[in-house]
Amino acid sequence: MRRYLLFAVLAAFIASATVSAATLPDEEDYDESIRLPVRRLHPERANADWAKKMQKDMDKKKKKNEEKQRKEEEKQQQKNGEKKIVATRQMPASTADKSLMQTLLSKDYSLKKFDIGYEEPKPITWKDDPVSTDVNALMAHVSSTARGGATLYAPKGVSLATNTNEVFFCFEKVGNTPRNLRLRVQYYADDPLNYNNIQFTIDGFKYDFHPASPSRGKDGSRMYWELSDDALTASHKDLAYALSHCHWARISLMGDDGMNHVKMLSKQQLEAFARTFELYRALGGTFN
């Protein structure tokens, strides 16, 4: 009897537990109420967010398709040899825009109007600069020779003999007054030139000088000498200034048979031109 009652009580407990277990809700039933409480409480907001997400996805997909289509069209145009066309949105031009466009279209864009950014080289011309060099310092670079009641000043180291090739400035001094800055050119070689024109190329620009009456002679059986010694006047001021203020110079003795004697002037010769020119002006010399 006791066994029966115990068995009945045990069976009733098991049956009660089974019924209780069967009435418990499954875990999936808690999804909407626990995991998404906002959507549960505010379904209109959830619907709005979903709509925005869908619209964003659609826009992204549309843009991707348009970009793909554009690339395919460009590829096809290049393949067919057509010029790439870039679509631009045309905006109505204002009156100011039209005026500016007309100004730009009517502007002269030729090369001569452009500013090249630097000054073009120009021939050296006379400048009446004040003499600032000390006379005693200049005298150290010249030699003096008495000649017919006057004193001739010439650069040290040059020779006045006709059997040498020389080109230099010199001048005479009578009393305390210098007289006539002169250009002396000496030519000595085994073939005559008979030059009557001298052309200087100074820093790339040509300066012509016409000697008055060059002297000519023969030295021995095969050597020839030619000499010109001319006073420089106001018409030669540019040449005198250029020779004494240049970076480089070349002299060409123009022969009468088509042959010329051409020589680059050395640094020492250019320095001699500058010092003699400055000394002549420092002593009061002028160009008449």
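Predicted model: local features only at pLDDT ≥ 70, side-chain atom pairs only at ≥ 80, totals over all residues.
L152 has E172 as its bridge partner in β3.

The protein chain holds eight helices and ten strands. Strands of a sheet pair through backbone hydrogen bonds, either parallel or antiparallel. Here are two sheets to trace in the structure.

## The six-stranded sheet

In what order do the six strands of the open sheet stand? The order is β1-β2-β3-β4-β8-β7, with antiparallel pairing. β1 (142-147) and β7 (215-219) are the edge strands, and each pairs on one side only. Neighbouring strands in this sheet are turned against each other by 25 degrees on average, direction ignored.

Helix α8 (residues 267-282) packs on the sheet. It touches β1, β2, β3 and β4 (177-189). The direction of α8 makes about 15 degrees with that of β3.

Start at the β1 end. β1 and β2 run antiparallel, joined by six bridges. A146 has T151 as its bridge partner in β2. Two residues lie between the strands in this hairpin, and G148 takes a positive phi near 55 degrees there.

Now go to the other end. Five bridges join β7 to strand β8 (residues 223-231), again in antiparallel fashion. D219 has M223 as its bridge partner in β8. The hairpin of β7 and β8 has three residues between its strands, and G220 takes a positive phi near 80 degrees.

## The four-stranded sheet

The other open sheet has four strands, in the order β6-β5-β9-β10, with antiparallel pairing.

Strand β5 (residues 197-202) joins two partners here. With strand β6 (residues 205-209), β5 pairs in the antiparallel sense over five bridges. Q199 has D208 as its bridge partner in β6. The hairpin of β5 and β6 has two residues between the strands, and D203 takes a positive phi near 50 degrees. With strand β9 (residues 249-254), β5 is joined by six bridges, also antiparallel. I198 has L253 as its bridge partner in β9.

L253 leads on to the next strand. It stands opposite H261 in β10. β9 and β10 pair in the antiparallel sense over five bridges.

Is β5 mostly covered or exposed? It is mostly covered, with six of its six residues buried. In a regular strand the side chains alternate between the two faces of the sheet. On one side of β5 are N197, Q199 and T201, and on the other are I198, F200 and I202. These residues are all buried, and both faces of β5 are covered.

| Strand pair | Sense | Count |
|---|---|---|
| β1 and β2 | antiparallel | six bridges |
| β7 and β8 | antiparallel | five bridges |
| β5 and β6 | antiparallel | five bridges |
| β5 and β9 | antiparallel | six bridges |
| β9 and β10 | antiparallel | five bridges |

## Back to helix α8

How far does α8 reach from its first C-alpha to its last? It has 16 residues and reaches 22 Å, close to the 22 Å expected at 1.5 Å a residue. Buried residues of α8 include L270, A272, F273, F277, L279 and Y280. Q269, T276, E278 and R281 in α8 are buried too. Just after the helix, G284 takes a positive phi of about 105 degrees.

## Cysteines and the whole chain

A disulfide is a covalent bond between the sulfur atoms of two cysteines. How many disulfides does a search of the whole structure find? It finds zero.

Residues under 20% relative accessible area count as buried. C170 therefore counts as buried, at 1% relative accessibility. C246 has a relative accessible area of 16%, so C246 is buried as well.

Now take the whole chain. Of its 288 residues, 26% count as buried. The accessible surface of the protein chain comes to about 21200 Å², and 54% of that belongs to carbon and sulfur atoms. Among contacts between residues at least 6 apart in sequence, 56% join residues at least 24 apart.

Notes: Residues numbered from 1 in each chain as written. Heavy atoms only, no water. Pairing = 2+ DSSP bridges. Axes fitted to C-alpha atoms, helices over the stretch in contact; angles between N-to-C directions. Contact = heavy atoms within 4.5 Å. Buried < 20%, exposed > 50% of the residue type's maximum accessible area, 1.4 Å probe, protein only. Areas by Shrake-Rupley, 256 points an atom, 1.4 Å probe, with all protein chains shown as cover. Disulfide = S-S within 2.5 Å. Expected span 1.5 Å × (residues − 1).
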